[in-house]
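Trainee: Could you go through this structure with me, and set each label against the definition behind it?

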Amino acid sequence: MRGQVPGCTVHTPTTLIGALEILFAEKGAWRPLAGGTDLMVLFAAGVLPFSRFLNLWGLDELRGIETTSDSVSLGALTTYAEIRTHPLIAAELPNLVQSAWVTGAMAIQNRGTLAGNIANGSPAADTPPSLLAYGAEVQLQSLAGSRWVPYENFHTGYKQTVMLPEELITRIRVWRPKGDNFHFFRKVGTRKAQAISKVCLAAYARAEEGRVAEFRLGMGSVAPVPMRALTTEMLVQGQAIEELDGQFIAGAKLALMEDIRPIDDIRSTASYRRKVSANVLGQLLEEMVERFKRA
Amino acid sequence: MNPSLHIGHSRIRKEGRAKVTGEAQYTDDVRMEYMLYGVTVRSSVPRGILKGIEFGEGIPWDEFVIVTAKDVPGELNVALIERDQPFLALDRINHPEEPVVLLAHADRYLLEKARAAVHLDIEPLPPLFDLEESLACKEVIWGQDNLFKKILIEKGDVDSVWAGAAHVVEGEYKTGSQEQLYIEPNGAIAVANAEAGVTVWGSLQCPYYVHTALKALFNLPDDKVRVIQMETGGGFGGKEDYPSLIAGHAALLSLKAGGRPVKIVYDREEDMVATTKRHPSRTRIRSAFDAEGRLLALDIDFALDGGAYLTLSPVVLSRGAIHAGGPYRCPNTSIRARAAATNTPPHGAFRGFGAPQSLFAIERHMDVAAAQMGMDPIALRKQNLLRMGDATATGQIIKENVDLPGLLDHALEKLDYSAKKENHRIHNASLGPIKKGLGFAIFMHGCGFTGSGESYLASVAGVEGRADGKVHVLAASTEMGQGANTILSQVVAEVLKVPLEYVEVVRPDTALVPDSGPTVASRTTMVVGKLVQEAAIGLRQTLIQSGFLKVPYDGEGFSSAVKQYIAKNDHLKAYSQYNTPPQIVWDDQLYKGDAYTTFAWACYAAEVAVDTRTFEVKVEDFVAFQEVGRVLNPTLAEGQIEGGVAQGIGYGLSEQVVWSKGRMANGQMTNYIMATSMDIPRIRVYFEENPYPNGPGGAKGLGELPMDGPAPALLNAVQDALGTSAPREIPLTPERLMDLLDLMDFLEPSNV
């Protein structure tokens, strides 16, 4: 362990207001700490550039999964384990459940939080592609008030977000799918479990009158930020299901290879990420066509 | 066969209860009064000249114990095969993790700040990272020609064959490095002072290796150095030579601290990045066959990357070279083997010790050759497998009745080879993205030390009767998770015909146990087991001759005989020393003769599914069929095989050490891709028992064997699945497989 324990301060507020007051009073001085599953790795290696932590774990206001007829709203401290075992999410938003299953080990899933996963800003995180596919929104709160930000605008650069230093994520909201819909999630990791993504792809589609009425494609590990593949989405959206043939799919794969901006790193190569993203998109579209034709 | 009391029965591990209840004491569990913590400041450049050491501001340096090369009282270099690796760099830096300064302090947090505040002034020299560049002497970084060792094995005349052969098949094969990834990192605690000498407690495989190195380092006689093994959480070779270094470091700090105990325990990253790993290899094979597929000649060039210092490279090379010809009869063989230096941390021992590298090459080559000749790989093997009376590459005549074609048939039968083959043919003809394939490898592993190693070691082990009526086993063989305690106890309890609880294995401590050699080379059961068996026979005879023990007897009777004997004679000990079995002859100069007293034999067969969208290879089924003499403890033996196969699957498919300027860039378990239980199928283990007369209870060695077969079996299965012999390098990561298939598309677009 190379982290400097003696030099650390951990403050544990008991109310959300209390936490926001501290963030407001000393802007940028406190690092919010939720499950700690990302921070502790860097801390143990002695490379975490923070020593003052605002421990959010006791803030019950940030817990709980609430559902209305239109939406599911997840408290910032919702753990992967809670997502994994929620019946409505499993039934209607299966990509989220799959993302939670493939994030870290069981112990990580019991402790790690959804808001932490996105606030940490890693492009290789596994819930962001699903959140992007579902068009999620993020609620940010400070003493000045709260605002909803579309999650697709949340990340502004590698490990950078729209959050102000005095803000906390309080909730994440996802709209409940309607109509005839299709969900797809595939993580291509370095191994079957306890793996970090080399490519992660999540999609949501809705069909109406023989056409793809809605199509969103969230991608992880293929750019500095989790991203939507917008050109590819536009290509698919509005298409007649009948026309989604092999030739169309080949075109969509080429479009996706242009959409993403992967790099070489210690886990994989840019060329692998590009080709496998395209191949998995091919799998996705084939399954989607089969699914919608069956309906 | 007589019904036996313990041999052949699964017995619970002697130390199992202490391990699962947490009572077992590992090095990091120990805290001593006045103990300091030690850390190592390492070079960050791969090669250069050390010009100066600066101690930065903001650290109370006067509170620290600081050791550099100048503080070494005796031999600066580690005493192993050669003395070329310094405990601490004096002026030359030869790899990016070279230890330069040692620091100790009671406050481990302050210690970390201090470690970061030491600045090394190093004038860089051009480094060498590539094995071929080292062989070509692009720079000379070690000795005259960068070569740690050269070996030539010659039989017949290969050059007389090429022109007349029906088929000549050539191939080049590469294997990567591999990290042992034992669960407990390297660690040691030392107490050293001028009067009492040096005592070290540590996580280690070979107490007497550390003993030898410390004697030289401190210039002390035998009895002033004591090495004690703590409970050890895995070794796999990674704690064979490295503990000498870390024990020496802790002891140097303790000496300078006036005898206060000093503990050094590496964290995972330091352990992965700085300590030894498996040697990367490159093998070129040129082979000739007649029209029926009979092997006429094998010309093999085998090269190992040894890293910056010699460590164990000559013996790793030796085992690799001897195994390079595989289990085949071949009248003309030439094996040229070289181990060369590069500016990476030294590579060292790892389960298999050179054999997994060269066996990967030959077993992969046999399938490449079969494809090129249009032959079935099974038929090709059967034409050439060694039988009793045949000679190996070194001219060793196989004297045991080994049935390799039978082993091959049994393994394939267990895999359900024929039925699966037919199913795959239909499955792969469809347009689906998953392609399935079957592959196998047939191989051997020499048991015990190579050549004259065992007779040179002349190991001693013993047994001792105790005043409480129990018998203690005295051996330097260490328990590191493999089951040595249990096996040695079973062998002794079998001889004495007493319950297992009457036998205890003494914790290896150089002050208490004789030098029974290092715990390596699949030798503990077969060689040391035989010694304790003989010693136990001697002890039993002494008791009978003294009249205290009357046959027949029960446990109680035995125990009371021991007590009575000791009451009268003070002590009851019996020792045995290694003798080479008769008719074993080895020539170290010519590399001819009996390279090993015996071999364990195996055939491993695998089924894979390749996802052509992601290029991932999934192992669907795995059969490990082997002949290891007699199995002494089925549960432990199966466990050894399963663990070795899991390690072998990782070696073949995913465990890639990513190098960056001579340094491991992925020194975290997150990024070094060892297989998890999700990545491994049920491993189906079978033994064919063929008792070996010179092993205790008929046993041979089996610890390393399972490391040799998985990688070639898996890649042969990938060849079968994809219909291409292109994969010739491990680990076969998805990235590597994609690049190979892309290259083939480029070269031969019609095959797509």
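Mentor: On one side of helix H19 of chain B, Leu743(B), Phe746(B) and Leu747(B) are exposed, where exposed means that 12 or fewer other C-beta atoms, placed from the backbone, lie within 10 Å of a residue's own, buried means 20 or more, and partly exposed lies in between. This is a predicted model, in which local features need pLDDT of at least 70 and side-chain atom pairs count only at pLDDT 80 or more, while totals for chains, interfaces and linings use all residues. Residues are numbered from 1 along each chain as its sequence is written, and chains are lettered from A and ligands numbered from 1 in the order in which they are written.

Trainee: Which residues of H19(B) are buried, and what puts them on the same side?

Mentor: The buried residues are Pro734(B), Glu735(B), Leu737(B), Met738(B) and Leu741(B). They cover an arc of only 160 degrees around the axis, and therefore lie on the same side of H19(B); the arc is that of the directions from the helix axis to the C-beta atoms.

Trainee: What covers the buried residues of H19(B)?

Mentor: The cover includes helix H11 (270–294) of chain A together with strand E24 (616–627) of chain B. Helices (H or I, at least four residues) and strands (E, at least two) are DSSP runs, numbered from the N terminus.

Trainee: How do you know that the span of H19(B) agrees with its number of residues?

Mentor: The expected span is 1.5 Å times one less than the number of residues, so the 14 residues of H19(B) (734–747) should span 20 Å, and the end C-alpha atoms are 20 Å apart, which agrees.

Trainee: How many residues of chain A are in contact with chain B?

Mentor: There are 24 residues of chain A in contact with 20 residues of chain B, contact being C-beta atoms, placed from the backbone, within 7 Å. H11(A) gives the most to the side of chain A that touches chain B, with 6 residues.

Trainee: What makes E7(B) and E28(B) edge strands?

Mentor: An open sheet of 6 strands has the order E7-E15-E14-E13-E8-E28 in chain B, with mixed pairing. Two strands pair if DSSP finds at least two bridges between them, and strand E7 (147–155) and strand E28 (729–730) of chain B each pair on one side only.

Trainee: Why is the pairing of E14(B) with E15(B) called a pairing?

Mentor: DSSP must find at least two bridges, and 10 bridges join E14(B) to E15(B), which run parallel. By contrast, 9 bridges join strand E13 (residues 281–289) of chain B to E14(B), and these run antiparallel.

Conventions. Contact = placed C-beta atoms within 7 Å.
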